[in-house]
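Biologist: I would like to learn how to read a protein model. Could you take me through one, feature by feature?

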Amino acid sequence: MEKKLAYQMNSFDMNSAIKGQRVLPANTESFSAIVDESQTDPLLAGDPVMIISTTTGLPHVAKAAVGDVVMGFVEWTVISNGSYAAGKICQVSPAGNVMYMEAEGALDAGVALNMSDLTDVTVDEAAAGKSVIGWSLESATAAGQLVRVKIAEPVALTANS
């Protein structure tokens with residue numbers, strides 16, 4: 001469980017990683033989007049999102065499911081604390097950005113990753129023939145650890161499980 005101070009702007013623990021938090025200075029591709037009205041549950045930091053085809057103006061996004069094209073992942077911000085209801089503006093990290101994601105279990109650095117659990121949004125090494133949503137930049141030794149992930153180009157999601 002996170003400590004409250006771990007996600008406050010004036011925190012004394014600036015080294016804590018938060019799921020959905022962008023990392024590394026090269027994250028220049030993020031874009032703003034509106035959570036589509038069709039999204040019944042709030043989007044959470046780290047959720048994979050697709051762009052709604054009827055979008056006009058600012059892109060509208062909803063949580064991606066198996067078969068949807070993942071355009072990026074919802075970013076954590078201190079203002080929203082990582083939860084975005086329908087109609088709210090969020091930031092999306094697309095291909096090329098680096099974000100903290102939660103590991104499903106132990107994994108090595110440098111491996112292709114896929115979503116292993118779409119409910120809790122965890123990543124694991126991509127199984128043969130499954131889509132690649134990014135690459136691990138560091139290893140994890142156990143489930144629940146946060147790892148830096150370089151996000152891949154948009155891909156139709158074929159989850160591991």
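Modeller: Let us begin with one residue. At 5% relative accessibility, Val 121 counts as buried, because the cut-off for buried is under 20%. Bear in mind that this is a predicted model.

Biologist: Where is Val 121 found?

Modeller: Val 121 sits in the loop between strand 10 (112–117) and strand 11 (122–125).

Biologist: Let us step back to the whole chain. How many helices and strands are there in the protein?

Modeller: The protein has 0 helices and 14 strands. Reading from the N terminus, the elements run β-β-β-β-β-β-β-β-β-β-β-β-β-β. Of the 161 residues, 39% count as buried.

Biologist: Which strands close into a barrel?

Modeller: Again, the idea first. Strands of a sheet pair through backbone hydrogen bonds, either parallel or antiparallel. In this model, 5 strands close into a barrel, in the order 9-11-10-12-13. The pairing is mixed. From one strand to the next, the twist averages 60 degrees.

Biologist: How do strand 9 and strand 13 run, parallel or antiparallel?

Modeller: Strand 9 (residues 98–103) and strand 13 (residues 146–151) run antiparallel, joined by 5 bridges. Look at two residues of this pairing. Met 99 stands opposite Val 149 in strand 13. Met 101 has Val 147 as its bridge partner in strand 13.

Biologist: In which sense do strand 9 and strand 11 pair?

Modeller: Strand 9 and strand 11 pair in the parallel sense, over 2 bridges. Here Ala 103 stands opposite Val 123 in strand 11.

Biologist: Now charges, please. How many salt bridges does a search of the whole structure find?

Modeller: The idea is simple. Side chains of opposite charge can pair when their charged atoms come close. The search of the whole structure finds 2 salt bridges. One is between Asp 47 and Lys 63, with the closest N and O atoms 3.7 Å apart. Asp 47 lies in the loop between strand 2 and strand 3 (48–51), and Lys 63 in strand 4 (residues 60–63), so the pair ties together parts that are 16 residues apart in sequence. Asp 47 is buried, at 4% relative accessible area. Lys 63 is partly exposed, at 25%.

Biologist: Which residue forms a salt bridge with Glu 138?

Modeller: Arg 148 does, and the closest N and O atoms are 3.0 Å apart. Glu 138 is in the loop between strand 12 (134–136) and strand 13, while Arg 148 is in strand 13, 10 residues apart. Glu 138 is partly exposed, with a relative accessible area of 23%. Arg 148 is partly exposed too, with 28%.

Biologist: What is the nearest side chain of opposite charge to Asp 36?

Modeller: For Asp 36 that side chain is Lys 88, 15 Å away. Asp 36 is buried, yet has no salt bridge. Its place is the loop between strand 1 (31–35) and strand 2 (43–44).

Biologist: With which side chain does Asp 36 make a polar contact?

Modeller: With the side chain of Ser 38, at 2.7 Å. Setting aside residues up to four places away in sequence, Asp 36 touches Ile 52, His 60, Val 61 and Ala 86.

Biologist: One last residue. Is Val 49 buried or exposed?

Modeller: Val 49 is buried, with a relative accessible area of 1%. Val 49 belongs to strand 3. Leaving aside neighbours within four places in sequence, its contacts include Leu 43, Val 61, Phe 73 and Val 92.

Conventions:
Residues numbered from 1 in each chain as written. Predicted model: local features only at pLDDT ≥ 70, side-chain atom pairs only at ≥ 80, totals over all residues. Heavy atoms only, no water. Helix = DSSP H or I, 4+ residues; strand = E, 2+ residues; numbered from the N terminus. Buried < 20%, exposed > 50% of the residue type's maximum accessible area, 1.4 Å probe, protein only. Lys, Arg positive; Asp, Glu negative; His and termini not counted. Salt bridge = Lys/Arg side-chain N within 4 Å of Asp/Glu carboxyl O. Polar contact = N/O pair within 3.5 Å; in protein donor to acceptor, adjacent residues only side chain to side chain. Contact = heavy atoms within 4.5 Å. Pairing = 2+ DSSP bridges. Axes fitted to C-alpha atoms, helices over the stretch in contact; angles between N-to-C directions.
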